[in-house]
Amino acid sequence: MKPFTTLDALAVPLDRANVDTDAIIPKQFLKSIKRSGFGPNLFDEWRYLDHGEPGQECSGRPKNPDFVLNKARYQGAQILLTRDNFGCGSSREHAPWALEDYGFRVLIGTSFADIFFNNCFKNGVLPIVLPAAQVDELFRRCEAAEGYRLVVDLAAQTVTRPDGTTVTFDVDPFRKECLLNGWDDIGLTLRHADKIRAFEEKRRAEHPYYFA
Amino acid sequence: MEAQTLYEKLWSSHVVHQEADGTALIYIDRHLVHEVTSPQAFEGLKLAGRKPWRVSSIVATADHNTPTDHWERGIEDPVSRQQVETLDANIREVGALAYFPFRDSRQGIVHVIGPENGVTLPGMTVVCGDSHTSTHGAFACLAHGIGTSEVEHVMATQCLLQKKSKTMLVKVDGKLGRGVYAKDIALAVIGRIGTAGGTGYAIEFGGSAIRALTMEGRMTLCNMAIEAGARAGLVGVDDITVDYLRDKAFAPKGELFDKAAAYWRTLKSDDGARFDRVVELDAAEILPQVTWGTSPEMVETVAGRVPDPARISDPVKREGVERALKYMGLAPDTPISEIPVDQVFIGSCTNSRIEDLREAAAVAKGRKKAASVKRVLVVPGSGLVKQQAETEGLDKIFIEAGFEWREPGCSMCLAMNADRLEPGEHCASTSNRNFEGRQGAGGRTHLVSPAMAAAAAVSGRFVDVRELS
Ligand code: SF4
């Protein structure tokens, strides 16, 4: 996994609540057996005017000019501002894969769905939860000023706005450590292999029917 | 000892190791695998030169991409076929406790085959790369959906990194009225707490109305817990649970069953256990539910009307309702009973078990599909459900009513196979998600119970199923 330390990047506001993973990456793209290349199909149904299929070249497809990601001023954005319950629905990790492949490294919103939230950390994408008033404010400023950039510092747990003001955010210490170092979860867990084996043996003795 | 909730019991019996911040390594008893979320995990495992920790924890099936008719032709869509064949090859190479491949007589939706084969047992931790894994919580399992990285993690380590959830009790007391089912409870709960209401919680369903539900009904309810934002749903063990599991293929037998059952019966919340949040509903007040929008919380009773955004003061909410009504092609204040139905889908891991099919058949019996309804698909959840339904003659009832009787699979729940809606079509669906495009690009989904779906099929619009019987 790519480590995440700091990011100074353009933000783009996606002003919708309950954005589900079907919207983030429609189901036809789930047929892929790879984990990369989903970026061009991120928000496919909102982003393009035609229907997208896997394996299709996207550069020539008609774009929806009203969709925020297609606006010239937001090209190159790496921070996505979101509303309530972003990432609800299916557990597909294709959603964070698509966001990451498109270039997003940070999501800022009021709440994220559990499984999606978890999946982001596994893919070097940092989801940041802020109070509603602060998210509102970011939306307002980002929409008002072209070229609105934020600086995110994971070690310090801060988001710094263009005017120099800073807000802090919470993150689980364990997740933070993993993300800062780009650690692979599996490697970390296997350090406890003896403990796992011991647990397993005890459980097998007590509840053999779970091991049939 | 302090009174414990069921969730706390399940959690504490699976902690292998705990980090200082509370992140815990949780041991996983059962790993259900399907073709969509596993290929990248198997590949990752192979690339890292790792072997699965415990192959006997794996039970696999192909369900999302499989067609529901003309099985003799195989899978015609090459991309779908490749995904299913990739699973075949991975299981051949790695192994599993059981694999129910495409066309196997026990193949079916992963959340239907687990319980009916007894591979889901009370007290287990159950994971699957699929959000509706919450279904298995009906058996007092700690069961939840995981992403593909976690699928790989569980394969490699038999553990999952987890933080403890908060607990919510949804208590439904009283008696459900005629024509009201577990699906209506689920939608009523989501209508009450919202799709993010359960975020961060494990929801336990309790109360006399839940105790009265069959295992099928409890699975329907836990299945939809994720639609309320909760990763896990739970119901405590009682006689109904134990009786269901007796004689299931992979459940323990004889003395071992009795020993297991004695332990399973302790798997319920203690009297006086404290929950972080309690939500109470009166079963008698729940009416048949129909969703009108693009999120399961956009739900009304069949006697209701779709909302008028002009009457909503919160601007974010108002915009959400406006957008949903536009997508659904509905004018503000339209009575639910005036929404025309183009297709009907009876199936999915929410409502494709034998009891669901019985409820739909009871309404379809002696009636005919309305002429205005283009197609009614009845898709059993598994090969075993299909066989049972045919033994009971339900297939004939459906076929006589002009419904289509199909092979098992996910089908039009998410339309990864050929079963899908055309743009603009309204569908009465027993599935769990009414998101934009879920059942086909531009398709408009209305979530209902199996009985309500059958009633819509014979009426061409949403009608109160109680008026038909
Ligand atoms: S039936 Fe639908 S919700 Fe259930 S596993 Fe299949 S696609 Fe997912």
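A salt bridge here is a side-chain nitrogen of Lys or Arg within 4 Å of a carboxyl oxygen of Asp or Glu. By that rule, seven salt bridges turn up across the interface of chain A and chain B. The model is a predicted one, and every value below is computed from it. One salt bridge joins the side chains of A:Asp22 and B:Arg438, at 3.4 Å from N to O.

On the chain A side that touches chain B, the elements giving two or more residues are helices H2 (44-47), H3 (94-102), H4 (114-121), H6 (173-181), H7 (185-190) and H8 (193-206). Helix H8 of chain A gives the most, with nine residues. Sorted by class, this side of chain A has 22 charged, 20 nonpolar and 15 polar residues.

How big is the interface as a whole? The size of an interface is often given as the accessible area lost when the parts come together. Chain A and chain B bury about 5,600 Å² between them, with 56% of it on carbon and sulfur atoms. In chain A, the residues that lose the most area to chain B are A:Lys31, A:Tyr209 and A:Tyr210, which together make up 14% of what that side buries. Counted by residues, 57 from chain A are in contact with 79 from chain B.

In soluble globular proteins, nonpolar side chains tend to be buried together. In this model the largest nonpolar core has 108 residues, and those with the most contacts inside it are B:Val170, B:Val172, B:Ile185, B:Phe205 and B:Trp264. Helix H6 of chain B (residues 182-193) supplies the largest share of this core, eight residues. Setting aside neighbours within four places in sequence, B:Val170 is in contact with B:Val189, B:Ile203, B:Glu204, B:Phe205, B:Gly206, B:Val279 and B:Leu281. Another core, of 57 residues, lies apart from the largest one, and its members include A:Val19, A:Val68, A:Ala77 and A:Val152.

A last stop is A:Thr158, in strand E6 of chain A (residues 158-160). Is this threonine buried or exposed? A:Thr158 counts as buried because its relative accessibility is 14%, and the cut-off for buried is under 20%. Leaving out residues up to four places away in sequence, A:Thr158 touches A:Val151, A:Val152, A:Asp153, A:Thr166, A:Val167, A:Thr168 and A:Phe169. One of these, A:Val152, is also among the residues of the 57-residue core.

Note on methods: Residues are numbered from 1 along each chain as its sequence is written. Chains are lettered from A and ligands numbered from 1 in the order in which they are written. This is a predicted model: local features need pLDDT of at least 70, side-chain atom pairs count only at pLDDT 80 or more; totals for chains, interfaces and linings use all residues. Side-chain values use heavy atoms; hydrogens and water are left out. Contact means heavy atoms within 4.5 Å. Buried area is the accessible area (1.4 Å probe) that two parts lose on being put together, summed over both. Helices (H or I, at least four residues) and strands (E, at least two) are DSSP runs, numbered from the N terminus. Ala, Val, Leu, Ile, Met, Phe, Trp, Tyr, Cys and Pro count as nonpolar, Asp, Glu, Lys and Arg as charged, and the others, Gly among them, as polar. A nonpolar core is a set of buried Ala, Val, Leu, Ile, Met, Phe, Trp, Tyr and Cys residues joined through side-chain atoms within 4.5 Å. Buried means under 20% relative accessible area, exposed over 50%, partly exposed in between (1.4 Å probe, protein chains only).
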